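This report describes selected features of the model shown below.

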Amino acid sequence: MDKPENQLLDIQHLHTAFRVGDDFYDAVEDVNLTLNRDEILAIVGESGSGKSTLATSVIGLHNLQNTKITGDILYNDLNLVGLNETLYNRIRGNDIGMIFQDPLAALNPLMRIGEQIGETLLYHTKLNKEERDHRVLELLGQVGIPNPVRVFKQYPHELSGGMRQRVVIAIAIACKPPILIADEPTTALDVTIQAQILDLLENIQQETHSGIILITHDLGVVAETADRVAVMYAGQIVEQGTVQAIFEHPLHPYTRSLLRSMPQADNDSDDLYVIEGTVPDLKHMQTDDCRFAARIPWIPASAHEAHPTMHEVEPGHFVRCTCYKTFHFNDEAEA
Amino acid sequence: MALIEIRDLKIHYPIRSGFFNRVTDHVLAVDGINFDIEEGETYGLIGESGSGKSTTGKAIVGLEKATSGQILYKGEDVTKPRNRKKLQYNRDVQMIFQDSLSSLNPKKRIKDIIAEPIRNFEHLAPADETKRVQELLDIVGMPADAMYKYPHEFSGGQRQRIGIARAVSTNPKLIVADEPVSALDLSVQAQVLNFMKEIQKEFNISYLFISHDLGVVKHMCRNMAIMTRGRFVEVGTREDIYQHPQHIYTQRLLSAIPKITPASRMIDKSNRKRVEALYQEESSKYYGPDGKVLDLKQVSPTHSVAIQDPVVEGGQS
Amino acid sequence: MWKTILRRILIMIPQILLLSVIVFFLAKLMPGDPFSGQITPQMDPKQIDSLRRQLGLDDPLWTQYFRWIGNLFHGDLGMSYAYKRPVISLIAERASNTIWLSLFAVILTYLIGVPLGVLAGRFKGTRLDSGISLYAYSVMAIPSFVFYLIALLIFGYQLKWFPTTGSVALDASGGVGYIMSRLYHMVLPAILQAFLGTTGIILYLRSGIIDNSIEDYVRTARAKGVPEKVIFNKHILRNSLLPIAAFMGNTITGLISGSLFVESVFSYPGMGKLAVDAMTTRDYATMTSLTLLFGFLTLLGNLLSDIIMSIVDPRIRVE
């Protein structure tokens with residue numbers, strides 16, 4: 001199969017399994033995804049869905065003694081799965097940058113901001129100390145920090161939450177990586193700061209033509225920023241499509257339920273929609289049948305596939321299992 | 001008369017500096033706020049981090065000492081310890097916290113956690129106490145065998161419900177809920193919010209609902225206040241705040257909430273940029289010279305805004 | 001920063017005064033007086049009374065206290081009844097022995113403790129880690145004087161590797177020979193003190209490294225493509241070592257006041273042994289002076305630790 005020209009990442013049959021006792025359990029199961037240049041791909045899911053595990057598998061941050069990764073993560077004909085540490089270190093920071101959720105924890109409390117950003121450059125460029133410092137100041141300006149010279153010499157605790165997240169972004173983009181992974185980049189921030197950080201990410205993407213994988217649980221953030229969306233439930237992608245498709249014609253029962261449980265309604269008398277049951281834990285989600293079936297018990301078993309696969313409903317819009325065809329909420333009449 | 005009335009509440013922290021560690025300045029965490037919570041009502045308190053919203057909540061339950069001002073409960077000032085005792089205030093007012101894991105003692109069983117407030121205020125025989133805990137667990141929809149487990153054995157949503165069970169154990173009149181669902185996933189958040197409404201109806205509880213999430217507050221509260229820098233910038237009903245916001249701070253907050261309509265996102269974004277620019281440009285119109293939020297001015301019977309010349313609503317004359 | 005240090009030193013003054021009151025009155029509360037042990041039936045009670053009066057022991061307590069304090073400020077710590085010499089010269093004579101021993105012990109403590117702590121933290125869960133932790137916990141569990149006595153018995157009396165008493169051989173003479181003899185006398189007590197001192201450092205450093213390894217900023221460093229070895233040295237180890245460095249203030253003064261046991265077991269003529277001897281002979285002047293000195297050193301150690309901490313950790317601002 002020919003690789004489309006602007007494709008950056010091609011993830012095929014990715015499984016990431018964690019060791020619990022002596023056994024390995026898939027936290028990410030059979031994920032197939034591509035990331036293109038100039039796009040924001042959002043991966044949405046609740047805690048335990050495997051979305052963060054997927055991100056850290058791509059950038060290779062798992063301890064391989066307790067984690068088993070199989071499948072392919074193809075980047076420029078290079079398979080990142082099973083890549084040795086020396087080679088992976090050349091990719092991390094240089095080709096793939098990562099932005100973390102909690103900007104205070106993500107920065108070394110005892111190291112000056114300038115040094116922390118410069119560290120990325122130290123291992124991926126041939127710049128000397130002076131050139132690196134110059135580039136760091138340039139980066140601080142680029143991420144919208146008002147006084148780069150001062151911040152350069154400051155420590156993380158001296159900055160506000162929003163400024164810290166800008167520093168974390170500066171670290172991630174220091175080497176202009178074509179791929180950026182942002183794991184809940186705005187969850188720890190106030191909404192007004194969140195808006196600024198999301199704008200910044202979009203601007204950076206437009207400047208560098210990178211592809212961004214945005215991991216989030218916040219449907220609003222997805223709707224405002226993403227081009228394509230993959231919805232994850234219990235380690236699997238259950239629906240994938242353009243942002244319009246997902247928000248305007250959601251198909252999978254899980255996507256529809258999530259959207260319905262949002263407190264967006266203008267009336268206060270109605271109760272919010274609650275998805276029955278709970279998210280299965282790692283050990284209990286390892287099933288071959290439809291993993292969401294237990295949460296929609298009013299849907300007959302015959303509506304589900306025995307071994308659900310992804311179906312392309314319209315070009316680029318995929319849904320797992322056949323249950324979407326007959327799905328209705330339990331307070332609605334049958335379709 | 002409202003269940004609880006907050007009158008010109010101020011909480012100032014001293015800043016000490018200099019050689020003799022003298023008080024040289026104050027942090028005005030809460031700086032003169034007024035509001036009432038009616039019986040059976042959920043009052044929303046919205047603010048970003050550092051706005052003083054949590055400090056307000058803590059002052060109401062008594063975890064924070066008021067510098068000045070009054071907290072009137074059934075018409076009497078409960079900042080005076082004598083009145084608190086007389087009115088059984090500590091029993092009638094309880095709190096739910098954001099972080100359900102760190103607010104529940106990890107070394108105690110659920111039974112002891114839930115029974116703790118009961119033990120403080122009532123003296124029940126062990127069998128009666130067990131029965132009461134069982135009832136409370138039943139109210140929050142948890143099985144009776146949860147009693148003998150420890151907090152870490154439950155999920156975030158379950159722990160939050162345990163926190164609620166503890167809060168309602170003394171049949172309180174008011175629960176101060178500080179970001180009760182911020183740490184929860186969407187589907188679990190829905191469960192907890194529904195549940196809070198349910199017990200409100202059943203036991204006629206009032207809530208002070210403190211949150212940064214405008215969507216959640218809109219769903220839960222009919223009356224609310226927007227707080228920043230220790231003061232209220234806008235007070236009103238849900239409609240006043242969400243449909244006719246007058247203060248630039250409120251407008252900016254509202255425009256920053258991401259909408260789930262991708263089709264209109266370009267419009268939303270330009271709208272947000274416009275409000276942001278306005279906020280930067282005109283903030284001197286909305287704040288005093290020292291950055292202090294102006295005094296509230298009434299624009300309609302329900303709606304007040306902290307600006308110089310507010311647009312008076314409804315007065316078409 | 002200097003202002004704060006000055007303020008901290010000023011705050012120490014009332015603390016030391018309070019300590020002096022406690023020390024003085026506790027000493028007075030003890031039964032008997034300097035003469036109790038020397039009184040024999042042959043002595044004339046009148047003579048004892050006049051001696052008492054002469055020394056001011058019949059004055060009201062507070063008069064005695066202020067006289068004592070006033071003298072302290074003039075550097076007069078009083079006369080040692082046991083040695084019949086000014087206490088100040090006694091202490092001065094012993095101080096250098098204790099300071100050298102403590103310094104030697106501190107260097108050994110860090111020389112042994114830091115590598116062991118780093119190894120245990122780095123190779124957490126391995127046999128090496130279990131071995132080091134077992135050592136640390138066992139040493140911690142043994143009472144220090146038992147530890148000293150056993151070591152003295154084995155290495156001093158049985159194996160005869162090290163001298164068992166004194167700070168220098170009686171026949172040692174000349175520059176190099178004298179120094180070597182002094183060092184030789186210090187080796188065993190210093191090593192033993194160091195072994196006791198390492199436990200805290202090992203366990204603290206080990207848990208510091210383990211805790212820091214799973215911090216988010218370490219993950220950030222990995223995501224930057226920083227090699228694992230550099231991550232360990234530059235991020236994990238550095239951040240774990242800083243609190244240990246700050247410990248040093250307390251460690252040094254702790255060893256000086258901890259010299260009580262080691263010096264009396266090894267009959268090493270330092271301040272610790274002097275203090276123990278003073279207690280057994282009811283040598284009030286020496287005892288109160290040393291207690292006050294040890295108390296002062298503890299306060300100084302805390303201050304020193306706080307200052308080091310504020311220098312190495314930017315989050316702690318001394319202002």
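## Sheet of chain B

In chain B, strand β1 (residues 4-17) and strand β4 (residues 68-73) pair in the antiparallel sense over five bridges. Pairing here requires that DSSP finds at least two bridges between two strands. Strands (E, at least two residues) and helices (H or I, at least four residues) are DSSP runs, numbered from the N terminus. The model is predicted: local features need pLDDT of at least 70 and side-chain atom pairs count only at pLDDT 80 or more, while totals for chains, interfaces and linings use all residues. Residues are numbered from 1 along each chain as its sequence is written, and chains are lettered from A and ligands numbered from 1 in the order in which they are written.

B:Leu72 stands opposite B:Asp77 of β5(B). The hairpin of β4(B) and β5(B) has two residues between the strands, and B:Lys74 takes a positive phi near 50° in this hairpin.

The open sheet has four strands in the order β2-β1-β4-β5 (chain B), paired antiparallel. Its edge strands are β2 (22-37) and β5 of chain B, each of which pairs on one side only. Helix α1 (residues 53-61) of chain B lies across β1, β2 and β4 of chain B and runs at about 75° to β2(B). Such angles run from 0 to 180 degrees between N-to-C directions, and axes are lines fitted to C-alpha atoms, for helices over the stretch in contact. Two residues are in contact if their C-beta atoms, placed from the backbone, lie within 7 Å.

## Sheet of chain A

Chain A has an open sheet of four strands in the order β2-β1-β4-β5, with antiparallel pairing. β2 (23-36) and β5 (78-79) of chain A stand at the edges with a single partner strand each, so one side of each has no neighbour in the sheet. Strand β1 (residues 7-20) of chain A is joined to strand β4 (residues 67-75) of chain A by eight bridges, and the two run antiparallel. A:Ala17 has A:Lys68 of β4(A) as its bridge partner. Helix α1 (residues 51-58) of chain A packs on the sheet and touches β1, β2 and β4 of chain A, its direction making about 70° with that of β2(A).

An unreviewed UniProt entry gives the annotation "domain: ABC transporter" for residues 9-259 of chain A. UniProt positions are in the numbering used here, feature names are shortened, and annotations may be inferred rather than shown by experiment. The span of residues 9-259 of chain A is 40% helix and 28% strand, and its end C-alpha atoms lie 29 Å apart.

## Contact of chains A and B

The contact takes 29 residues from chain A and 30 residues from chain B. On the side of chain B that touches chain A, α7 (186-203), α8 (214-220), α10 (248-256) and α11 (265-286) of chain B each supply at least two residues. α7(B) gives the most to this side, with seven residues.

The residues on the side of chain B that touches chain A divide into eleven nonpolar, nine polar and ten charged. Ala, Val, Leu, Ile, Met, Phe, Trp, Tyr, Cys and Pro count as nonpolar, Asp, Glu, Lys and Arg as charged, and the others, Gly among them, as polar.

## Helices of chain C

Chain C has twelve helices and two strands. From the N terminus on, its elements run α-α-α-β-β-α-α-α-α-α-α-α-α-α. The C-alpha trace of chain C spans about 90 × 55 × 40 Å along its principal axes.

From an unreviewed UniProt entry comes the feature "transmembrane region" at residues 9-27, 99-120, 132-157, 183-205, 241-262 and 292-312 of chain C. Residues 9-27 of chain C are 100% helix and 0% strand, with the end C-alpha atoms 26 Å apart. Residues 241-262 of chain C are 95% helix and 0% strand, with the end C-alpha atoms 28 Å apart.
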